[in-house]
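Let's walk through a structure together, one feature at a time.

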Amino acid sequence: MIFSQRPYFEKVIESNQPKNANKPIQNDGLFVSITQTHLVSTFIHHWQLRDLICILDDNSTIIHPRQHAIYKYDTKTKEDLKCQGDLPFTPTTIDTRDGYLVAGGQTGMLMVKNLVTGHYRIYRLGGGMNNSVRLWPKNNKKLCMTVCNNDQSVYISTIPGVEKIQTLDMPSVINHCSISPDGKKLLMVSDQGTVYLYYMNKAGLYKEFTRYKVSEERCLSCAWNQSSDTFAVASQDGFVSVYNIYSSLRLAQFGSSETRKTKKAARCIQFSSGPMDLLAYSEHVSNIYIVDTRTFETRQIIRLSPENEDHPITGLTFSPDSRSLYVGLQDRLIELNVDTCQRRQFGGGRLI
């Protein structure tokens, strides 16, 4: 079944055996290495929503929230400056793009700020908590925002004016969403373990195409690769599932090295850009994983705290050039270097 040729709702695709089921995952990857630890704190407001750091286009400035405030940390100068204070809410989700910063919080509270002029405004969008906010360019022109609210609605609007484009009434609470890099596909993950894939129609609106039953527990985060044909989903049961839009089969699935139920929950996930071909995801505490997306057979496990301690992870993000990976903890920020020389080589040693 070629999904991309028939952009309308067909059926629910049940969770199934991944293509890599008979191939054991090798945990001997060496894709990244820790280079610096920055003493920067990030506040966790919701125990399950852990997508709390993002990075500016300069590849070195990290945006992170604290109680009723958002800070901007320069990893080069080590300056941690208040970007926005006196917020009427504590952020549960943030995103930045093209000179704008958005943050969502409780009771539908939302902040939109122009980082160039400093102008900001507080809005109320939805009746519940805003679980996820995402910025994306529509038709490579105007900037748009997608907000997933706990009232089972997903709001799509323009930036900076927050003018409504579309509201999606969903059958379950949506915890996170991701717009494909080509802007044509919207992916949403829910409390019921169902993933919704929508396609944009000729009128510029998203319409349901299909659903995937990924987990019996809630799904918490999702991400697209740079080609807009493969996506990954992180769920509370500790699994990360990978799908390609051209097949109903699950492409790959990765479990956890952690045995404790809550501690192993997969919280945050992101693909790298360009030729690095990596997938990074974090757990509730301490562990992050880096997967080689050329084969989905090799990954690297990095523990960010001592074996006898649990340190909650607040989020992770690749730099725009994918030369660095940043991982937030409650009391620090870990900077990891991506081995770009090794990643620019294939098995035969050919440079790309």
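**Reading the model, feature by feature**

Proline 160 lies in the loop between β13 (153-158) and β14 (164-169), where helices (H or I, at least four residues) and strands (E, at least two) are DSSP runs numbered from the N terminus.

Q: What is the peptide bond from isoleucine 159 to proline 160, cis or trans?
A: Most peptide bonds are trans. The bond from isoleucine 159 to proline 160 is cis, with omega near 10°.

Q: Before we go on, what kind of model is this?
A: This is a predicted model, in which local features need pLDDT of at least 70 and side-chain atom pairs count only at pLDDT 80 or more, while totals for chains, interfaces and linings use all residues. Residues are numbered from 1 along each chain as its sequence is written, and side-chain values use heavy atoms, with hydrogens and water left out.

Q: How many helices and strands does the chain have?
A: The secondary structure comes to 1 helix and 29 strands.

Q: How do I read the radius of gyration of the chain?
A: The radius is taken over C-alpha atoms, and the globule rule is 2.2 Å times the number of residues to the power 0.38. For the 352 residues here, a compact globule would have a radius near 20 Å, and the chain has 19 Å, which agrees. Along its principal axes the C-alpha trace spans about 50 × 50 × 40 Å.

Q: What share of the residues is buried?
A: Start with the cut-offs: buried means under 20% relative accessible area, exposed over 50%, and partly exposed in between (1.4 Å probe, protein chains only). Buried residues make up 57% of the 352 in the chain. For the surface as a whole, the chain exposes about 14,700 Å², and carbon and sulfur atoms supply 46% of that area; the areas come from the Shrake-Rupley method with a 1.4 Å probe, and for residues only the protein chains shown count as cover.

Q: How many salt bridges does the structure hold?
A: A salt bridge is a side-chain nitrogen of Lys or Arg within 4 Å of a carboxyl oxygen of Asp or Glu. The structure holds 14 of them. Arginine 66 and aspartate 80 form one, at 2.6 Å from N to O. That pair links distant parts of the chain, with arginine 66 in strand β4 (residues 61-66) and aspartate 80 in strand β6 (residues 80-84), 14 residues apart. Arginine 66 is partly exposed at 24%, and aspartate 80 is partly exposed at 25%.

Q: Which parts does the salt bridge of aspartate 191 and arginine 218 tie together?
A: The closest N and O atoms of aspartate 191 and arginine 218 are 3.1 Å apart. Aspartate 191 sits in the loop between β16 (185-190) and β17 (194-200), and arginine 218 in the loop between β18 (206-213) and β19 (219-224), so the pair ties together parts that are 27 residues apart in sequence. Aspartate 191 has a relative accessible area of 26%, and arginine 218 has 30%.

Q: Which residues are linked in a network of salt bridges?
A: The network links Glu258, Arg260, Lys263, Arg303, Glu307 and Asp310.

Q: What is the phi of glutamine 152, and what is the phi of serine 286?
A: Most residues other than glycine have a negative phi. Glutamine 152 has a positive phi, near 70°, and serine 286 also has a positive phi near 70°. Glutamine 152 is in the loop between β12 (142-149) and β13 and is partly exposed at 32%. Serine 286 is in the loop between β24 (278-283) and β25 (287-292) and is buried, at 0% relative accessibility.
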